[in-house]
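Subject: Handing over the structure

Dear colleague,

Please find below the sequence and the structure that I am passing on to you. My notes on what was found follow after them.

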Amino acid sequence: MNKLLQIIGNKAITALSIVLLLLPFSAVAQTDSSDPQTICIGSIEYYQVDYTENGGAGTTGSTYTWSITSGAFAGTLTPNQGPAGSSNRIEIDWGASPDGAYVLQVIETNNGCDGPPIELNIIIQPTVFATTSADICIGETYTLPSGLTVSSAGTYNDTITSLVTGCDSVITVDLNVNPILTAAQTLTICDGQTATLPDGSTQSTAGDYTTTLTSAVTGCDSVITTTVVVNPILTAAQTLTICDGQTATLPDGSTQSTAGDYAY
């Protein structure tokens, strides 16, 4: 008897065909005849043959023997999952089976005679791993590939569904949170002068001034506090008495012989 392989759903039986089906938990009346079939690591799948016969229990008088004949299978086969415990349906928990190629085989036995094996090629897709790093400033949030937002530094293992394989992709994100940099400086000027702050602005009045800049290193805020000290102009007075014809030496070293007020 010719064997036609099919996965996911019910089948149309012909006089010369028996169909092998892969049934995910939610599958109802869908068909997929492609071979090989792809599944994800650790998935649990249902497979069945002769589903339209004998109320879904397979051919009357037949028993079905299932096995994995190729591949490093490390899961569990649970038989007799059909109606009333019939053997035409099996549950396979692929468990820790690594990614790679597998062959699922079922043999129908009727009246002591074995039919030819039905085989289905199955490919377990690998879990995709990737690593990336990101930097944010304190007070900001970072959106992981899954859409979850975080704000604390650390390593995040984020799981999303691959658009290529339909299976899990695990993306490790190393998140660094840069602090706000702070610094302080003191500028001393004389009365009437101006002090230039880090942002280029000027001040002539004594006081504390806060300037916020973007750090060229981290891209985050840098806060610089500038203390402006304004020293007053010092004044003093003195009287020098000389005789006519003499000279007086002023504080800057110059001399004067004429009476009067001189400011320096």
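**The aromatic cluster**

Y102 has a relative accessibility of 2% and therefore counts as buried, a word used here for residues under 20% relative accessible area, with exposed meaning over 50% and partly exposed in between (1.4 Å probe, protein chains only). Please keep in mind that this is a predicted model, in which local features need pLDDT of at least 70 and side-chain atom pairs count only at pLDDT 80 or more, while totals for chains, interfaces and linings use all residues. Residues are numbered from 1 along each chain as its sequence is written, and side-chain values use heavy atoms, with hydrogens and water left out.

A search of the whole structure finds two aromatic pairs, where rings of Phe, Tyr and Trp (its six-membered ring) pair if their centres lie within 6.5 Å, and planes under 30 degrees apart count as stacked, over 60 as edge-to-face and the rest as tilted. The ring centres of F73 and W94 are 5.4 Å apart and their planes stand at 85°, so this pair is edge-to-face. Because F73 lies in the loop between β5 and β6 (76–78) and W94 in the loop between β7 and β8, the pair ties together parts that are 21 residues apart in sequence; strands are DSSP runs (E, at least two residues), numbered from the N terminus. W94 is buried, at 0% relative accessibility, and with Y102 it forms an edge-to-face aromatic pair, at 5.3 Å centre to centre and 70° between the planes. F73 is partly exposed, with a relative accessible area of 24%, and F73, W94 and Y102 form one aromatic cluster.

**The nonpolar core**

The largest nonpolar core has 16 residues, and W94 is among those with the most contacts inside it, as are Y47 and I122; such a core is a set of buried Ala, Val, Leu, Ile, Met, Phe, Trp, Tyr and Cys residues joined through side-chain atoms within 4.5 Å. The elements giving two or more residues to this core include β5 (62–70) and β8 (100–110), and its largest share, four residues, comes from β10.

I123 lies in strand β10, which spans residues 118–125, and is partly exposed, with a relative accessible area of 27%. I123 and A101 are 22 residues apart in sequence but 4.7 Å apart in space, C-alpha to C-alpha.

With best wishes
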